[in-house]
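Subject: A structure for you to look through

Hi there,

Here is the structure I promised to pass on. Have it open while you read the rest of this email.

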Amino acid sequence: LSFGDSVRAQVQRRLDAREAAIERGVVAIGLPPRLPERGLLVAAEVETLDVDFWRRVFGEGARAAVPINQVALHADKFLLLGRSLSNFNVPATHDRDTWRAHVHGDLLAGQVEWSGEGAGHLSGRLTHVVIPEGTTPATAGDGEEPRELPAINLVIDRFNLRGKDFGEIKLQAEN
């Protein structure tokens, strides 16, 4: 399947007496499609990627309409939760209820893990997080309001807020 030269998809499915299941497939935007060994991969190399929009299209977690278990994203401008990140790369894998990702961009980099069990759990280690001058705090109405807050266990090696270096930050929170 293709839409012009920029979007291509290829899917191999298994059909048995009871159901059809995706064995492996790829949706590639802005680059050639390469089938993974197993599962469904979404790969994109684009100028701007609005992740909030695509989360609404595909669904999330166990409720996802399409069973995506791998992503490989690169965007010059990455929009997530009402915020913009520049020069951003995210290779990630999904297994059962957990996403594991290596994130790298101008404003943050490191390893993170998200488990959707219960209200969710975010953990990982980031080498740096930079919140630049002129960034406004999130306010009511910015993006979607969470129904519940997840548990958090994060270590940030270098945290910089509006030009002030705070060094290492450890954040632990339980719902």
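Below is what turned up, going from the whole chain down to single pairs of side chains.

A word on the source: this is a predicted model, where local features need pLDDT of at least 70 and side-chain atom pairs count only at pLDDT 80 or more, while totals for chains, interfaces and linings use all residues. Residues are numbered from 1 along each chain as its sequence is written, and side-chain values use heavy atoms, with hydrogens and water left out.

**The overall picture**

The protein has 1 helix and 11 strands. Both kinds of element are DSSP runs numbered from the N terminus: helices are H or I with at least four residues, strands are E with at least two. Reading from the N terminus, you go through β-β-β-β-α-β-β-β-β-β-β-β.

Of its 175 residues, 26% count as buried. Buried means under 20% relative accessible area, exposed means over 50%, and partly exposed is in between (1.4 Å probe, protein chains only). The protein exposes about 11800 Å², and carbon and sulfur atoms supply 53% of that. These areas come from the Shrake-Rupley method with a 1.4 Å probe; for residues, only the protein chains shown count as cover.

Now for contacts, meaning heavy atoms within 4.5 Å. Take those between residues at least 6 apart in sequence: 36% of them join residues at least 24 apart.

**The sheet**

**A nonpolar patch**

Phe53, Trp54 and Val57 make a nonpolar surface patch of about 270 Å². Patches are made of residues with over 30% relative accessible area and no salt bridge; like charges are joined within 9 Å, and nonpolar side chains (Val, Leu, Ile, Met, Phe, Trp, Tyr) within 5 Å. Val57 is found in helix H1 (residues 51-58) and is partly exposed, with a relative accessible area of 42%.

**Salt bridges**

Side chains of opposite charge can pair when their charged atoms come close. A salt bridge here is a side-chain nitrogen of Lys or Arg within 4 Å of a carboxyl oxygen of Asp or Glu, and the whole structure has 6 of them.

Which residues form a network? Arg14, Asp16 and Glu23 are linked by salt bridges in this way. Between Asp16 and Arg14, the closest N and O atoms are 3.3 Å apart; between Arg14 and Glu23 the N to O distance is 2.6 Å. Asp16 is partly exposed at 34% relative accessibility, Arg14 at 36% and Glu23 at 36%.

Asp157 also forms a salt bridge with Arg125, with the closest N and O atoms 2.8 Å apart. This pair links distant parts of the chain, as Asp157 is in strand S10 (residues 151-161) and Arg125 in strand S9 (residues 121-131), 32 residues apart. Asp157 is partly exposed at 27%, and so is Arg125 at 44%.

Cheers!
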